[in-house]
Amino acid sequence: MTSARGGIDLGGTKIQAAIVDDAHDVLGQSRHETPTTGGPQDVIEAMAAALEEAASQAGVQPATLAGVGVGSPGYVDERAGTVASARNLPNWEGAVPVGELLSQRIGAPVHLGNDVQVATDAEAEIGAGRPYRSLIGVFWGTGVGGGLILDGRPWLGRRSAGEIGHMVVKVDGAQCPCGRRGCMEAYAGRAAMEARARKLVERGAKTDLFKIMQERGRTRLTSGVWARALKRGDKLAVELVDRAVEALGAGIASAVNLLDVEAVIIGGGLGIRLGDPFAQRIAAAMQPHLFADDTPPAVHVAALGDLGGAIGAALLAGKRVEQPVG
Ligand SMILES: [Zn+2]
């Protein structure tokens, strides 16, 4: 057995795997698409394939890993090793025993955690959040996820804490992908921003967003597409991102008013891609909404970058190695 550990970040569009050593250095990594058809078994197979590729890069056999952590969307029961309500995964019915299935497939113990909390924990332990005892992780991507560290510990609530994307920033506001109205994600989530862009184009607005999307061989407005459009000064892209920044400012500031955390860590596809200038814009957009406006929290970009979810999942494997599932 090696001391290397595996981490898998299971997302609705991509599966990222990383092999890390004791110093959290990445020895191998890979990225696969998440199956959009089939069912749980196909997702398990894709996770195993991603892990095998990363392991082969690292020169280790998956079965010899000290453990493999998985950061998963949906409702994760860490003890039972199951994932339920993963709406972005194909034909995901009931509580799927991901821990057991994956462990059988790769031959190493598997540990599960909530994807966003895992990424937040990783930032707190070895990333941009290291100096702080309390922080909010904000993952600005397709949706807007959040994770909390309070007094040095993850705060999970009864199971659904950290849903910062669904802070209401406007009563009776825009429709959110969650079905409710006025959520921060309805303005700042990449999926909602794309839906808004498509609607405005139908109404005759001009933009290069969809041209850039096609040039880059994409079917969606990825973070890279948004970044490129901003660089070109595309008016619609600038407007929609400005609107997102305002919503993030109001929503995050409201959370800070409640919790008075020391720091806010901005991650996620868009957060990482747009980087520090936008983290500072979000900080500025928070300022007018902060009750204790003379002591704003520090705002940083996630230091572990795009691979943070997978690295965080690997940390999970290190911590819970006494109680493996499967
Ligand atoms: Zn919502």
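Colleague: Into which domains is the chain divided?

Modeller: This is a predicted model. Its chain is divided into domain 1, residues 5-118 + 307-322, and domain 2, residues 131-303. The centres of domain 1 and domain 2, taken over C-alpha atoms, are 26 Å apart.

Colleague: How do I read the interface, and what area is buried between domain 1 and domain 2?

Modeller: The size of an interface is often given as the accessible area lost when the parts come together. Here, domain 1 and domain 2 bury about 610 Å² between them. Carbon and sulfur atoms give 59% of that area. In domain 1, Tyr 75, Val 116 and Gln 117 lose the most area to domain 2. Together they make up 76% of what that side buries.

Colleague: How many residues are in contact?

Modeller: Four residues of domain 1 contact eleven residues of domain 2. The rule finds one residue pair in polar contact across this interface, both at pLDDT 80 or more. It finds zero salt bridges there.

Colleague: Now the metal. Which atoms coordinate the zinc ion?

Modeller: Start with the donors. They are His 166 (ND1), Cys 176 (SG), Cys 178 (SG) and Cys 183 (SG), at 2.0 to 2.4 Å. Along the chain, the donors follow the spacing H-x9-C-x1-C-x4-C.

Colleague: What is the geometry of the site of the zinc ion?

Modeller: Check the angles. The four donor atoms give 103 to 114 degrees, and the site is tetrahedral.

Colleague: Is Cys 183 buried or exposed?

Modeller: Compare its relative accessible area with the cut-off. Cys 183 has 2%. Buried means under 20%, so Cys 183 is buried. Cys 178 has 23%, so Cys 178 is partly exposed.

Terms used:
Residues numbered from 1 in each chain as written. Predicted model: local features only at pLDDT ≥ 70, side-chain atom pairs only at ≥ 80, totals over all residues. Heavy atoms only, no water. Donors = N, O, S within 2.8 Å, 3.2 Å for Na, K, Ca; no water. Tetrahedral: all angles 85-135°; square planar, octahedral: opposite > 155°, others 65-115°. Buried < 20%, exposed > 50% of the residue type's maximum accessible area, 1.4 Å probe, protein only. Domains from an automatic or database assignment. Contact = heavy atoms within 4.5 Å. Buried area = accessible area lost by both parts, 1.4 Å probe. Salt bridge = Lys/Arg side-chain N within 4 Å of Asp/Glu carboxyl O. Polar contact = N/O pair within 3.5 Å; in protein donor to acceptor, adjacent residues only side chain to side chain.
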